[in-house]
Amino acid sequence: ILIMMFALVVIMGIGFAAYSQQLEIKDTSSIDSNWNVYIKSVDPKVSDEWVTGSGKVDKATNVKADLTTDLKYPGDNVIYKITVANDGTIDAVLEKINFSMEKEGTVIKYYYSVDDQVTWNEVAAEQKENSYNEDLLAKTTDDFYVKVEYDPTKTGTATEEEKSNKLTLEFIYTQKTGGGAIIPDNTVSFGGQTVTLAEAGDDGLYKDEYEDERYIYKGLNPDNYITFNNESWRILSIEKDGTLKIAKKDNIGRRTFDSRGYRDNTSNGTGGTYCIQGSSGCNAWTVSDNFVNVSKIGTVLKDSELNTYLNNEYLRTINEDSKYIINHDFNIGAPGDSSNTDDIATDISQEALYKWNGKIGLINVTDILRTTISTDCTSLSVAYNNGSKSVCSNNNWMWPQSGWLWTITPLLNITTNIRIVGGNGYISSTYSVDGGISVLPVLYLTSDIILSGEGTIDDPYTINS
């Protein structure tokens, strides 16, 4: 009996061991919920070749679009197909669409359809908001249509003002389970991605405290890597207009900003009346006729040598990704630093006194002052003073670890000098433009791009379209 009982215990032990192995959990998993509803595309279809129509998505919200139309004759129209995507994991509900006309009472009529153009509903002047209860499930898209038409019943000649108009429409979505903002306050959407803002003191994306609706990457190594031209670049900021300001991760070598003799420094030469100090070249980035919306401090008749190189020879080395580069304003004014009483807000305003609109430029000094998470980096004066060395360069991914970089920021009142950013921790203003300093190209990508990836060095953002 004892032998039989012992054998039975052994058999039961083997059976329990086998049973327990079947229940062993090998892996764990988590649910990743995120909200990502945005206007994916706005495609206009014109009725005639002389009709024009365009749509621009507001990248600050990604759910608002401006439709601009120019019609000539009664019956002319543009039909816009607007595709809204839900790339998140949370089901959404369209609660309403808000319409806003730039001008009312013109010969232009607006209609909308939510059922593939089966039914057209007129957008009346007094009807600015329309309620819905339409699902947009996760990982799906939905199409809406807006028709802009020159009233076919009109006769006679309309004024140019009557024939052109702009309509803004905004899609208001909430979570299907009820409630929830379209974009939470602590997130930013760009390129089809939604990024959570960083906590104070952490690497990541921050609201720019100096410019509204602008966001900037700060810290020692934030996740802002992007592949461009088959190379590693980094996102500096998301601008108010939705464009991405990016800088090449590594410099492209040392070049002269403006060689001696490249621009004649006489008042009648190519340097104009501005570049007349000495013979060491000139710190003016561009021809004065290219200054945007500002008064001129003097004439400059030829672009700087580095400007010419970047926007010609270097630009031609960029592959098909060059189609995503847009002409954009670069601030090229000269902030002062001698009084030690300036601040970053003042420095920004002084840089913005002069602007250049072009494709490829350089960083300006307030760019690099704002990419540190140090709260002690408060002005150009601080970064210029060697006594406060490293205050602005610490925890700053943009600051070169060695060597020096050109900026696009000239020295105030000394036309032969430009500001450079150094690996020894401060900004210098004593360097002549005819010297050899490393070049870090900077450019703006269109707000319409769609990105994939996580932005890390191992999984950088990649442009899909």
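Which cysteine does a disulfide join to cysteine 275? Select cysteine 282: a disulfide joins the two, S to S 2.0 Å (a disulfide being a pair of cysteine sulfur atoms within 2.5 Å). Before you zoom in, note that this is a predicted model, where local features need pLDDT of at least 70, side-chain atom pairs count only at pLDDT 80 or more, and totals for chains, interfaces and linings use all residues. Residues are numbered from 1 along each chain as its sequence is written, and side-chain values use heavy atoms, with hydrogens and water left out.

Look down the S-S bond: at -65 degrees, the link of cysteine 275 and cysteine 282 is left-handed. Cysteine 275 is buried at 3% relative accessibility (buried means under 20% relative accessible area, with a 1.4 Å probe and protein chains only), and cysteine 282 is buried at 1%.

Next, pick cysteine 377 and cysteine 392, also joined by a disulfide with S to S 2.0 Å. This link has 100 degrees about the S-S bond and is right-handed. Cysteine 377 sits in the loop between helix H5 (365–369) and helix H6 (380–384), and cysteine 392 in the loop between H6 and strand S22 (404–410), so the pair ties together parts 15 residues apart in sequence. Helices (H or I, at least four residues) and strands (E, at least two) are DSSP runs, numbered from the N terminus.

The whole structure has 2 disulfides, in the pattern 1-2, 3-4, with bonded cysteines counted along the chain.

Last stop: lysine 147, in strand S9 (residues 140–150).

Terms used
Buried means under 20% relative accessible area, exposed over 50%, partly exposed in between (1.4 Å probe, protein chains only).
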